[in-house]
There are 4 protein chains.
Amino acid sequence: MQRGLTPEVGLISGVKPFAQLPWARWDEIVVGGHEIRSLRLTQAVAELVDQSHTLDRRVFDAISGPLEEIDREICPGTVFNGNPTVRKLASLGLPNGETPAQAIERLADDLRQFIQRHGVRHLVVVNVASTEPPISADLPPRWTDLRSLLDSPGCPLPASSLYAIAAFTAGASYINFTPSLGASLPALDELCSEQGSRHYGCDGKTGETLMKSVLAPMFARRNLEVLSWVGHNIFGNTDGIVLADPSNKQSKIASKDHLIGDILGYKPQTHVSIEYIASLGDWKTAWDHIHFRGFLGVPMTLQFIWQGCDSVLAAPLVLDLARLADLAQRCGQIGRMSFMAPYFKSPLGVQEQAFDRQFQMLEQWASEAKASLARADAR
Amino acid sequence: MQRGLTPEVGLISGVKPFAQLPWARWDEIVVGGHEIRSLRLTQAVAELVDQSHTLDRRVFDAISGPLEEIDREICPGTVFNGNPTVRKLASLGLPNGETPAQAIERLADDLRQFIQRHGVRHLVVVNVASTEPPISADLPPRWTDLRSLLDSPGCPLPASSLYAIAAFTAGASYINFTPSLGASLPALDELCSEQGSRHYGCDGKTGETLMKSVLAPMFARRNLEVLSWVGHNIFGNTDGIVLADPSNKQSKIASKDHLIGDILGYKPQTHVSIEYIASLGDWKTAWDHIHFRGFLGVPMTLQFIWQGCDSVLAAPLVLDLARLADLAQRCGQIGRMSFMAPYFKSPLGVQEQAFDRQFQMLEQWASEAKASLARADAR
Amino acid sequence: MQRGLTPEVGLISGVKPFAQLPWARWDEIVVGGHEIRSLRLTQAVAELVDQSHTLDRRVFDAISGPLEEIDREICPGTVFNGNPTVRKLASLGLPNGETPAQAIERLADDLRQFIQRHGVRHLVVVNVASTEPPISADLPPRWTDLRSLLDSPGCPLPASSLYAIAAFTAGASYINFTPSLGASLPALDELCSEQGSRHYGCDGKTGETLMKSVLAPMFARRNLEVLSWVGHNIFGNTDGIVLADPSNKQSKIASKDHLIGDILGYKPQTHVSIEYIASLGDWKTAWDHIHFRGFLGVPMTLQFIWQGCDSVLAAPLVLDLARLADLAQRCGQIGRMSFMAPYFKSPLGVQEQAFDRQFQMLEQWASEAKASLARADAR
Amino acid sequence: MQRGLTPEVGLISGVKPFAQLPWARWDEIVVGGHEIRSLRLTQAVAELVDQSHTLDRRVFDAISGPLEEIDREICPGTVFNGNPTVRKLASLGLPNGETPAQAIERLADDLRQFIQRHGVRHLVVVNVASTEPPISADLPPRWTDLRSLLDSPGCPLPASSLYAIAAFTAGASYINFTPSLGASLPALDELCSEQGSRHYGCDGKTGETLMKSVLAPMFARRNLEVLSWVGHNIFGNTDGIVLADPSNKQSKIASKDHLIGDILGYKPQTHVSIEYIASLGDWKTAWDHIHFRGFLGVPMTLQFIWQGCDSVLAAPLVLDLARLADLAQRCGQIGRMSFMAPYFKSPLGVQEQAFDRQFQMLEQWASEAKASLARADAR
């Protein structure tokens, strides 16, 4: 985007009502990150070129310099409470034996230094790590109580929440693009507001679930009774390896599954499966089989096959969210950014799961944000 | 419905905001019609039972008496300007050599007698005949001018328009469930208003095109660029025989095709084909292949396969429309009933083709109608 | 078939080279069975009529008398070593606390009485019970040693093997239409030959696996390298309930999965899943996704969707097998009937898994059988 | 292949029984051709890299030298009797106003010079031009009579036949990879034998039709009655542009359609459509819908979706055929090479359309050829 090598396809800023928002310009954006593997970005992107054929080699050659610059901005992350599947991916260089509080402090320091090093006006932390298992522990609803757990190595918080706390501590916005816990706790909501920051999630709605949130309202509005909805997902990237672990997969399936009942107002039998099929690389194929009854009780069938490239679907949403968070910050917004609902499988605190109604909320917000920023500008 | 043998599946009156409208009750409804074939209803429905297995034999047995009553209410229609494919279906008993004016007068008389015979409060004429070829002739925009053509056997109006004129003349509402011309002319709009009647169309949105109007907005909102959209339809009922005639098919394809460009705001390559495959009977299978580009220009694919029973998808829409027209009449509405847009592939005078936005228009109208009818009731 | 209500569709006797074999006539055949549920046949078939719409109600009405006659020939079976999922289906009337030897004796007595009652020339026992879990125990290869286990309640043999022993003891042929153990043991092969009987299995090849045995040879012959083969199966009959138990499912998946590697000569990643989706009733839908590499290493994809009715696919194969076993008996054949290979997912002792080559073996056998029976007839 | 940049995937020489044949080595092969467009090979291949992503850019870079060498071996072809769609593709440099005899002489001269220039032991001419319309003219069955037509500009022979005559005249073998007429005439069979040459065709069986020849035998052998077979093909390469002309498309559809009835022994309703969808480039997607009846007359459905790269599927077959023709020549074979049947949609003079039986003919031939060449070698 910075070099004009690719058009704004897939980005909301290319769609009419949003095109006129005062988006952060591409050349204003600096990228860094935390990582647990020793993999370099150029390697990861080379895989997309060689195995998944999703990036043209000429584009890759043109951006390998900038990718190396980003590589230099990547600091060691944390695998605190990570299960064996995730730990196996982690490289040797990760700090060992940290308490959650120490990990948070280290991560927050990295963020502060990054801000300073680049004179960053507003930092947005996006969790794009692999899915964590669901947390069964009862966690205290107040930040003061939760904070007191952070000194104990038995603290049940997952890594995604430590990153969220670090982000808020460093004054950054936080976006949870995964079904992991992240900032979904009341206690972290409280911390976020205290710090004057903002956050949202969970779980980017890129493909099969996007389709569900688009198709289920059709059945509801036509009063066609869904009898069963089966979704099979196969793909072969690292995310797939992590999801092949049943404990991780459970979070993902729950996140992909609930919205059908939410939209229809009744619970048909549903089934979601996700399988790691190495040969597919970054290409995700979803086959959905929807069995429904129409007039006179006649059973009929809709099937769809979605063949998308996982990273290519997710990337523009991440860019959109980072830039939307930035607009929200410039508007003075604090706390949950509910207008981001159409981007997520499980939008925090939003009951509406129909994509079209969620999108209207976003359009509404955008028109208010535009007016508000124009007023600010005029002053 | 009248005997409680089937639930309200597929009918909008079974969906929440609409359930509380003062719908015409099933036992208030009497059915009649015009037909060009000598086929009896019991025969036609027996085919659905035997060949397409869409109606349970026990339900069929229970309703054969009422079907025969309806058969007695069916009068000879008209094949004026019908092409050979349609004429071949017509039975010998049809009046021969009528001018359009004579045919209209005869049809209108049938309608008036039906009204009188049954003490009908409000008659709704629904065109569910097979698709007619498009009309190339320039037709006068004023009713007085159009009327003067009706005495000539060379009058270019198709049968669907003669039925519409007969309906308006007899004080009936008119719904065009097909892509045929019907009442879509300015001159007939004028006649409709003069007569204090109401009408709408064209072309019921039952399956593949419903899917298009639901999916195309998703691509637009996510700024995924549709490169091509191919739709193949196969089915084996009488409608299929008529559509196998290229001149008839042309109207249907135009009606199924335009809305993708309308929704996206640009024109990707599109292709629609419809083939008559006898073995499928009333089951219509549509395979759609949508080729789109995402971020970085990566091409991806969505395919869907819709396996629905044509009559079973259409029937509840026809019931909805007749009862909605009745509500509109009780609200005093005259002319085009634009709130019916979500039911049609080519809603008259409505630019919006996205199903969700059309449906909001309908919800809005329903809430106003409810209030208006409640006020009337209170008086 | 006995009443001429349905044509020979789906039966091999309707295919040319086989039509001229001296098949047992339909009116020569008497049906009985063992069952663990208290369900009556008329009920089971009524479900096919009402829920799965696979049998016309008029045919059902015409055969309810004969079905009731068969019901009277159905004796209590055995759930020996059955797991809880199977035991839950069993009715109260089943004998309790039998040793395997006692169960076998009882079952064999039932078979002998059936033979006598109806003057049956040749009895063929077909195992169409639900799938049993795989057996991990080491079983003795000689019949004398295996027999000595039959008096112990800890005997590891599954019910399917007890039925096989009972069949051989009563002089009946035995066909195993399931992936259960049945007569697959060397010791039972020995018993079968000692008794002058014959048997074959395992696991009828009805739908998805039939497709695999037809398509995999194509990839092998064109030297297209299969990278992965994923098969998802959904269906909603009783078989599905039993397979939803992971211990039962394991046998089935192994049986559906092995033949791809056998045919290709290398092992691509494969995945088979089977899910119970109640609304589908007897309709089984399989979606297979085959990822393969062609020239220059270019990855391509074949997907297929098989929508078949499980019972309707299996039933003619069962009839074929019973009548083929009868021909084999008349030819004096003893032991394994390897010519039945094209009917099975895991044909006993046959390496060839390509359907076309298996079918040639059957054609070859049929031509020999025809000649042999003609010679016998001439004598 | 010559540089070892790609494995033998897709080539029959990589499959066991064929691997040991004394195939012509890759470094023995020299490539030239006739072309009507001014397009250079490097451009055409660059499209595969840029638009269809079927060739890795690094491989492309490595072979651009050799491609340019081949470009220098490409001579002007002929568009004799070509329809406007084909003529539009032709470049200005093509000779004008030639009689067929003159064109043949020119083409044969090119072939003779190529043979001499490179010391070629055996030249194989493969017709991979776009599909020509079917020929309605009655053509004389004897070569002497056909030859006498060649001096007239009204001669009805298409370009594909002129190339065949040129090939035979120059002593080359001729393979017709298209449904065009080529050498399918008795008169050209005669010329071929007179010249001691060999030929075969027609129409390479690469994807959808290959599937038909693999699946139709399954339905036949299981006695499942095919009610209808619908195949829709979409793709976007030059072949697609030519096929978009109805006169050309007719040959292709006939060639793709006949074999279902040939295999089944009865004629279900069939439908084949081919549409040019530009965005797909060289990727061909075929959706086939097979409606069939099983036991009790129950209708069921098989659908498949084939997503293959047209050139990548065709290329290895062309290499196989050229090398097989070479083996045949070394075996002293003259006339039709019927053993090539499994490669063609409409194999000349071969009734058998089932792929597996055709493949056995090829295996049989290969084993004989191996023995014959070993004997020759030993002498």
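1. Start with chains A and D. The same surface serves both copies, as 100% of the contact residues of chain A recur in chain D (contact means heavy atoms within 4.5 Å).

2. Some ground rules before going on. This is a predicted model, in which local features need pLDDT of at least 70 and side-chain atom pairs count only at pLDDT 80 or more, while totals for chains, interfaces and linings use all residues. Residues are numbered from 1 along each chain as its sequence is written, chains are lettered from A and ligands numbered from 1 in the order in which they are written, and side-chain values use heavy atoms, with hydrogens and water left out.

3. How much area do chain A and chain D bury between them? The figure is about 650 Å², with 37% of it on carbon and sulfur atoms (buried area is the accessible area, with a 1.4 Å probe, that two parts lose on being put together, summed over both). On the chain A side, A:His53, A:Arg57 and A:Arg58 supply 58% of the buried area, more than any other three residues. Seven residues of chain A are in contact with seven of chain D.

4. The A–D contact has four salt bridges by the rule (a side-chain nitrogen of Lys or Arg within 4 Å of a carboxyl oxygen of Asp or Glu). One salt bridge links A:Asp56 with D:Arg57, where the closest N and O atoms are 3.3 Å apart. Five residue pairs, both at pLDDT 80 or more, are in polar contact between chain A and chain D (a pair of N or O atoms within 3.5 Å; within protein, one must be able to donate a hydrogen and the other to accept it, and residues adjacent in sequence count only if both atoms are side-chain atoms).

5. Where does the chain A side of that contact come from? Helix H3 (57–71) and strand S9 (299–309) of chain A each supply at least two residues (helices, H or I with at least four residues, and strands, E with at least two, are DSSP runs numbered from the N terminus). S9(A) gives the largest share, three residues. By type, the side of chain A that touches chain D has one nonpolar, two polar and four charged residues (Ala, Val, Leu, Ile, Met, Phe, Trp, Tyr, Cys and Pro count as nonpolar, Asp, Glu, Lys and Arg as charged, and the others, Gly among them, as polar).

6. Now chains A and B. Chain A superposes on chain B through a rotation of 180° with 0.0 Å of shift along its axis, RMSD 0.0 Å, so the two copies are related as by a two-fold rotation axis. In chain A, the C-alpha nearest that axis belongs to A:Phe304, 2.0 Å from it. Since 100% of the interface residues of chain A are also interface residues in chain B, the copies meet through the same surface.

7. The A–B contact takes 58 residues from chain A and 58 from chain B. About 4800 Å² is buried between chain A and chain B, 66% of it on carbon and sulfur atoms. A:Arg221, A:Arg222 and A:Phe295 supply 18% of the area that chain A buries here, more than any other three residues.

8. Two salt bridges cross the A–B interface, and B:Arg357 and A:Glu363 meet in a salt bridge at 3.5 Å, N to O. S9(A) supplies the largest share of the chain A side, 11 residues. That side divides into 36 nonpolar, 13 polar and nine charged residues.

9. Seven bridges join S9(A) to strand S9 (residues 299–309) of chain B, and the strands run antiparallel (two strands pair if DSSP finds at least two bridges between them). A:Ile305 has B:Gln303 as its bridge partner in S9(B).

10. A couple of backbone checks in chain B. The peptide bond joining B:Gly201 and B:Cys202 is cis, with omega about 5°, and B:Cys202 sits in the loop between S5 and helix H9 (208–221) of chain B. B:Leu296 is not a glycine, yet has a positive phi of about 65°; B:Leu296 lies in the loop between strand S8 (283–293) and S9 of chain B.

Notes
Least-squares fit on C-alpha atoms with pLDDT ≥ 70 in both.
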